[in-house]
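Please keep the sequence and the model in view while reading.

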Amino acid sequence: MSDELREVFDFIAFSARLREVERHNNATRVRKESVAEHSWHLALVCWVLHREFERECGHRLDLEKMLKMCLMHDLVEIEAGDPSAWRTQDNARLREKKALIEEEIAQRRYGALPDELSDEFLKIWQEHEAGVTPEARLVRGVDRLNPALMRYLTGQGWQDVGVDAGALDRLQLPRLQVSESLTALYQEVKAAAIAQGLLAPAS
């Protein structure tokens, strides 16, 4: 095996471990979701909503780049873990520490890939983290919607984090408001969760 192929194989083996990292929301009524499942679902949702996003933006969006962002942006969590957004939301120090740890892992893991692939991974990672381009903002919006959707679909609710609809709005809306569609989907999920007693109304 060539050195370049060995580097690729090592990365493939590393990425397979994303299945082992658990998220804080459920995948079913009896088990937690893995980060790999989460990443796959983000990619699918972005694909399905792509034309709607383009209609809202009024210009073409790079779907291939969005799908790549979905699939790779959480690979750093294999080593960094998946901290709860409820812990980091109002704690700038924790957010900064998380960002520094994840950047170090990204540089080390993506930097170990062959040159062109390494450059592509690092460029897409940094674009996602900056959250400035339309594609990155939309992927980050879908990423924020997903756990709320899963907490509703699995009946998990929000009792374990002790929040009401007002607190959920404060976490969700800053990222979701990049898209009318994402905001509407979130409002639908929130209303249904409140109706089913999974989420307390805003106090």
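The model is predicted, and local features need pLDDT of at least 70, side-chain atom pairs count only at pLDDT 80 or more, and totals for chains, interfaces and linings use all residues. Residues are numbered from 1 along each chain as its sequence is written, and side-chain values use heavy atoms, with hydrogens and water left out.

## Salt bridges

Side chains of opposite charge can pair when their charged atoms come close. A salt bridge is counted here when a side-chain nitrogen of Lys or Arg is within 4 Å of a carboxyl oxygen of Asp or Glu. The structure holds 13 salt bridges. The table presents three of these pairs.

| Pair | N to O distance | Location |
|---|---|---|
| Glu127 and Lys65 | 2.9 Å | helix α7 and helix α3 (residues 63-72) |
| Arg108 and Glu79 | 2.7 Å | helix α6 (residues 92-111) and helix α4 (residues 77-80) |
| Glu104 and Arg108 | 2.9 Å | both in helix α6 |

Helices (H or I, at least four residues) and strands (E, at least two) are DSSP runs, numbered from the N terminus. Because Glu127 lies in helix α7 and Lys65 in helix α3, their bridge ties together parts that are 62 residues apart in sequence. Both Glu127 and Lys65 are buried; buried means under 20% relative accessible area, exposed means over 50%, and partly exposed lies in between (1.4 Å probe, protein chains only).

The pair of Arg108 and Glu79 joins helix α6 to helix α4, and so ties together parts that are 29 residues apart in sequence. Glu104 and Arg108, by contrast, are four residues apart, about one turn of the helix. Arg108 is partly exposed at 38%, Glu79 is partly exposed at 31%, and Glu104 is partly exposed at 41%. Glu79, Glu104, Arg108 and Arg109 are linked in a network of salt bridges.

## Cysteines

How many disulfides are there? The count comes to zero, where a disulfide is a pair of cysteine sulfur atoms within 2.5 Å. The sulfur of Cys70 is 3.7 Å from that of Cys46, its closest cysteine sulfur, and therefore too far for a bond. Cys46 is buried, with a relative accessibility of 0%, and Cys70 is buried, with a relative accessible area of 0%.

## Surface patches

Patches are made of residues with over 30% relative accessible area and no salt bridge; like charges are joined within 9 Å, and nonpolar side chains (Val, Leu, Ile, Met, Phe, Trp, Tyr) within 5 Å. Accessible areas come from the Shrake-Rupley method with a 1.4 Å probe, and for residues only the protein chains shown count as cover.

A patch of negative charge on the surface gathers Asp3, Glu4, Glu7, Asp115, Glu116 and Asp119. The elements that give two or more residues to this negative patch are α1 (3-16) and α7 (115-130). Glu116, found in helix α7, is exposed, with a relative accessible area of 72%.

Trp40, Leu44, Trp47 and Val48 make a nonpolar surface patch of about 470 Å². Val48 belongs to helix α2 (residues 35-57) and is exposed at 62% relative accessible area.

## A contact across the chain

Ala27 lies in the loop between β1 (22-26) and β2 (32-34) and counts as buried, at 18% relative accessibility. Ala27 and Gln156 are 129 residues apart along the chain, and their C-alpha atoms are separated by 9.5 Å.

Conventions. Lys, Arg positive; Asp, Glu negative; His and termini not counted. Charge placed at Lys NZ, Arg CZ, Asp CG, Glu CD.
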